[in-house]
Amino acid sequence: MLRMARCRWPLFGWALWWCLSPATLWAMDVQVLAVFSDRAVIQIGDERTQLKIGESSTSGARLLSTDARMGRVRLLMDDQEREFTLGGRVGGAYQTPRQASTRIYRDSSGAYTTTGSINGTAVRFLVDTGASSVVLSATQAQRLNIDYSRGVLTPVMTASGNTLGYRIVLDHVIIGSIRQHHVQALVLPGDSPHIALLGMSFLNALNLRNESGALVLEQRY
């Protein structure tokens with residue numbers, strides 16, 4: 001619950017001003033879930049919101065800038081600028097470490113899709129437990145500045161037939177608060193798959209379960 005300080009500002013029929021005590025915003029848990037060139041998805045306390053640059057959350061944090069390549073955002077909180085990184089979590093008070101976990105919901109087609117990052121750049125993922133590894137198209141790999149040509153050329157069977165792909169190792173992959181390093185991946189020629197597949201090279205280190213319509217991913221310790 002947010003603790004509200006008293007306000008003497010007038011209230012109008014079309015607007016209600018919420019006044020947060022200066023200590024409240026600093027004490028809240030802040031997590032960056034996704035970063036794009038002009039916006040970011042941020043969790044502040046119990047509030048998950050997508051903000052464009054210049055917009056403010058209901059708790060009063062304003063997005064000043066984003067760096068999608070480096071996975072960083074700058075927020076104005078209680079009149080002070082703060083920088084946060086993708087997948088990082090900052091809280092104003094000490095909290096007992098918790099297992100990293102995230103929830104993924106079905107999209108309009110019924111598939112579990114989510115936004116995460118590869119090597120610090122935002123990527124849209126489709127959860128695919130039938131894929132042995134994370135799978136990218138060559139088009140996606142180029143956008144991520146991944147030199148997949150140095151990978152191991154490997155025969156691959158796809159829905160379109162047999163082809164050759166490149167096995168590579170990604171520096172890090174982040175989904176929500178879950179971060180994994182040195183993740184095996186496969187790059188396929190062309191622009192398919194159109195959305196990156198989050199396969200078992202990432203999922204094997206997690207516990208998966210369905211809970212209230214969401215797919216819960218939980219880091220094992």
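These questions and answers cover a sheet, a threonine and a ring contact in a predicted model.

Residues are numbered from 1 along each chain as its sequence is written. Local features need pLDDT of at least 70 and side-chain atom pairs pLDDT 80 or more, and side-chain values use heavy atoms, with hydrogens and water left out.

Trainee: In what order do the three strands of the open sheet lie?

Mentor: Strands are DSSP runs of E, at least two residues, numbered from the N terminus, and two strands pair if DSSP finds at least two bridges between them. Strand S8 (101–105) and strand S16 (206–211) are the edge strands, each pairing on one side only. The pairing is antiparallel, and the order is S8-S17-S16.

Trainee: Which residue in S17 is the bridge partner of arginine 103?

Mentor: S8 and strand S17 (residues 214–219) run antiparallel and are joined by five bridges. In S17, the partner of arginine 103 is valine 216.

Trainee: Is threonine 154 buried or exposed?

Mentor: Threonine 154 belongs to strand S12 (residues 152–158). Buried means under 20% relative accessible area, exposed over 50% and partly exposed in between, with a 1.4 Å probe and protein chains only. Because its relative accessible area is 15%, threonine 154 is buried.

Trainee: Which residue lies over the face of phenylalanine 36?

Mentor: A charge sits over a ring if NZ of Lys or CZ of Arg is within 6 Å of the ring centre and within 35 degrees of the ring normal. Here the distance from the ring centre is 4.4 Å, and the residue is arginine 39.

Terms used:
Helices (H or I, at least four residues) and strands (E, at least two) are DSSP runs, numbered from the N terminus.
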